[in-house]
Amino acid sequence: MNVVLEFGFFVGKLGRNRVTCLLKKPVEQPSDMQGIVYINFKESLAEIRGEILKELEAAGYEIKAETSR
């Protein structure tokens, strides 16, 4: 419950168009949080790295290419 409250704070502070929820499956998507972008993953955020970068760019953040990996 506390996570939903904190998530709502971010939506209120940043705006719905600047908030994305990273949802680790099999956790259910909260029904009272419709209209928000959800990116699902199973084990690691590495699975959805490209999608996260795409959402950050869409929100107006400049993403610089990594020089080392």
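This is a dialogue on how to read some features of a predicted protein model.

Student: What kind of model is this, and what are its ground rules?

Tutor: This is a predicted model, in which local features need pLDDT of at least 70, side-chain atom pairs count only at pLDDT 80 or more, and totals for chains, interfaces and linings use all residues. Residues are numbered from 1 along each chain as its sequence is written, and side-chain values use heavy atoms, leaving out hydrogens and water.

Student: What is the mean pLDDT of the protein?

Tutor: pLDDT is the predictor's confidence in each residue, from 0 to 100. The mean here is 82, and 86% of the residues reach 70 or more. Confidence is lowest in H1, at a mean of 82, and highest in helix H2 (residues 49-58), at 91.

Student: How many helices and strands are there?

Tutor: Helices (H or I, at least four residues) and strands (E, at least two) are DSSP runs, numbered from the N terminus. The protein has 2 helices and 2 strands, in the sequence pattern α-β-β-α.

Student: What share of the residues is buried?

Tutor: Buried means under 20% relative accessible area, exposed over 50%, and partly exposed in between, with a 1.4 Å probe and protein chains only. Of the 69 residues, 19% are buried. Accessible areas come from the Shrake-Rupley method with a 1.4 Å probe, and for residues only the protein chains shown count as cover. The total for the protein is about 5,700 Å², with 55% belonging to carbon and sulfur atoms.

Student: Which residues form a nonpolar patch on the surface?

Tutor: Patches are made of residues with over 30% relative accessible area and no salt bridge; like charges are joined within 9 Å, nonpolar side chains (Val, Leu, Ile, Met, Phe, Trp, Tyr) within 5 Å. A salt bridge is a side-chain nitrogen of Lys or Arg within 4 Å of a carboxyl oxygen of Asp or Glu. Here Phe9, Phe10 and Leu14 form such a nonpolar patch, with about 320 Å² of accessible area together. Phe9 lies in helix H1 (residues 2-14). At 53% relative accessibility Phe9 counts as exposed, while Phe10, at 44%, counts as partly exposed.

Student: How many aromatic pairs does a search of the whole structure find?

Tutor: Rings of Phe, Tyr and Trp (its six-membered ring) pair if their centres lie within 6.5 Å; planes under 30 degrees apart count as stacked, over 60 as edge-to-face and the rest as tilted. The search finds 1 aromatic pair. The ring centres of Phe9 and Phe10 are 5.8 Å apart and their planes are at 65°, so the pair is edge-to-face.

Student: Where is there a cis peptide bond?

Tutor: As a general rule, most peptide bonds are trans. In this model a cis peptide bond joins Lys25 and Pro26, with omega about 15°. Pro26 lies in the loop between strand S1 (20-24) and strand S2 (37-41).

Student: Which residues is Lys42 in contact with, leaving aside its neighbours within four places in sequence?

Tutor: Contact means heavy atoms within 4.5 Å. With those neighbours set aside, Lys42 touches Lys24, Lys25 and Glu47. Lys42 and Lys25 are 17 residues apart in sequence and 5.3 Å apart in space, C-alpha to C-alpha. Lys42 is in the loop between S2 and H2 and is exposed, with a relative accessible area of 60%.
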